[in-house]
Amino acid sequence: MARNNLKASYDKGVFFLTLIFLVLGIIAVADSSAPLALNTFSDSFYFVRQQLIWAAIGLVLLFASLKIHYSFWKKIAYPLFGLSVVFLILVLVPGLSTKIYGARRWLDFGIFTFQPSEVVKLSLIVLFAKFAEEKRKIWFYLLPLALVALLIMLEPDLGTTVIVLLIGFAQIFISGANVLYILAGLVGGGLLGALAIIFSSYRRERLLTFLNSTTDPLGSSYHIRQILLAVGSGGLFGVGLGQSRQKYLFLPEVATDSVFAIIAEEIGFVGAIILIGLFTLFIYRMFKIAGRAPDVFARVIAVGVVSWIGGQMILNIAAMTAVVPLTGIPLPFFSYGGSHLTMQLLAIGILLNISRHD
């Protein structure tokens, strides 16, 4: 029936906000990454050139998925998820993956690298939507979710694990599963997360730093203190576009996880509030698409995409303002990185295709 109710247009609000974020994100990467790129590669434009290539690929994927009926993803749900799990396993194999800061998160193909955990987010969203349509029992959801979470934790990557669990439980909830099962899963996940923090000196140190950021200002507290210094230096209206001081190799992960701190430093409190307002409108428009979805499969996919992109927006900004501990979650459309940018644009294309049906 959904095929017969095709509208001539898609949700223009989500589409144009995506383009706005993409343009602003490229500007933010160009601005924040220039000193690091010059210091590392003797080329101020190294990172932004890469980001432009990924943005172009992502836009191709967005327009392609916008044209493909969303039911197509139902047909490839199982092989897509299986392939993404294989990639997650391969990333743990030395020699096939790139190890950065003690973590193996990227598969190295020589001419390019990509992060399998970004692919698995989309494949999990599609798989759970298929489960919902088939009215599968709760165990069909929990087993693949636990497998994916375990493999990502082995990299290790707690931030991505949190997002994957957020996506999974949001989709399980909207699928109509028993709330008691969901609560049991959340409690179990919380206990496992607590154990992961307790038995990891790195994560334990981050939590203690979050609870008391005044300790060890040149060591464990350095990152969060530099973030807060950048955000606080922006004042009401910012220091001016391109005038950030923290981007000159003071702030770690300046163009990736910490890019919002540079944005806030340059455009100030007022500018940051406007940007957060745009994010809020974006999340609201995506929820409206989910609410109008024509069937269970489309609705559960839409909720998964909203949980993924909206969840990362909220958690990244919360970390940048010291509301939650630093977890290494990139800001959608703004943080440097090809894997998450291309996959999120592909997901937005699927969401826009759903908005064409009612």
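**View 1. The largest nonpolar core and its most connected residues.** The largest nonpolar core has 99 residues, and F282, F333 and F334 are those with the most contacts inside it; such a core is a set of buried Ala, Val, Leu, Ile, Met, Phe, Trp, Tyr and Cys residues joined through side-chain atoms within 4.5 Å. Buried here means under 20% relative accessible area, exposed means over 50%, and partly exposed lies in between, with a 1.4 Å probe and protein chains only. This is a predicted model, in which local features need pLDDT of at least 70 and side-chain atom pairs count only at pLDDT 80 or more, whereas totals for chains, interfaces and linings use all residues. Residues are numbered from 1 along each chain as its sequence is written, and side-chain values use heavy atoms, with hydrogens and water left out. In soluble globular proteins, nonpolar side chains tend to be buried together. Buried residues make up 49% of the 358 residues in the chain, which contains 13 helices and 3 strands; helices (H or I, at least four residues) and strands (E, at least two) are DSSP runs, numbered from the N terminus.

**View 2. Surroundings of F334.** F334 is buried, with a relative accessible area of 2%. When its neighbours within four places in sequence are left aside, F334 is in contact (heavy atoms within 4.5 Å) with F21, L24, G25, A28, V29, A255, V259, I263, L275 and F279. For the chain, residues 24 or more positions apart account for 72% of the contacts with a separation of 6 or more.

View 3. A search of the whole structure finds 22 aromatic pairs, where rings of Phe, Tyr and Trp (its six-membered ring) pair if their centres lie within 6.5 Å, and planes under 30 degrees apart count as stacked, over 60 as edge-to-face and the rest as tilted. F41 and Y46 form a stacked pair, 3.8 Å centre to centre with 20° between the planes; F41 counts as partly exposed at 39% relative accessibility, and Y46 counts as partly exposed at 26%. The rings of F279 and F334 have their centres 5.7 Å apart and their planes at 90°, so this pair is edge-to-face. F279 lies in helix α11 and F334 in the loop between α12 and α13, so the pair ties together parts that are 55 residues apart in sequence. F279, at 3% relative accessibility, counts as buried. Ring pairs link F21, F279, F282, F333 and F334 into a cluster.

**View 4. Lysines over aromatic rings.** The charged end of K12 sits over the ring of Y10, at 5.6 Å from its centre, and K74 lies over the face of F297, at 5.2 Å from the ring centre. A charge sits over a ring if NZ of Lys or CZ of Arg is within 6 Å of the ring centre and within 35 degrees of the ring normal.

View 5. S65 is found in helix α2 (residues 46–67) and counts as buried at 1% relative accessibility. A polar atom of the S65 side chain lies 3.0 Å from the backbone oxygen of L62. Apart from its neighbours within four places in sequence, S65 is in contact with W73, L346, G349, I350 and N353. Q344, placed in helix α13, counts as buried at 0% relative accessibility, and, with its neighbours within four places in sequence left aside, Q344 is in contact with W308, I309, Q312, P332 and F333.

View 6. Helix α7 (residues 158–174) has 17 residues and reaches 24 Å from its first C-alpha to its last, close to the 24 Å expected at 1.5 Å a residue, the expected span being 1.5 Å times one less than the number of residues. The buried residues of α7 include G159, I163, I167 and F169. At the start of α7, a side-chain oxygen of D157 reaches to within 3.5 Å of the backbone nitrogen of G159. Just after α7, G176 takes a positive phi of about 95°.

View 7. Most residues other than glycine have a negative phi. E253, which is not a glycine, has a positive phi of about 50°; E253 is found in the loop between α10 (222–233) and α11 (259–291) and is partly exposed, with a relative accessible area of 28%. The phi of A322 is near 60°, again a positive value in a residue other than glycine; A322 lies in the loop between α12 (296–320) and α13 (338–355) and is partly exposed, with a relative accessible area of 30%.

How values were computed. Polar contact = N/O pair within 3.5 Å; in protein donor to acceptor, adjacent residues only side chain to side chain.
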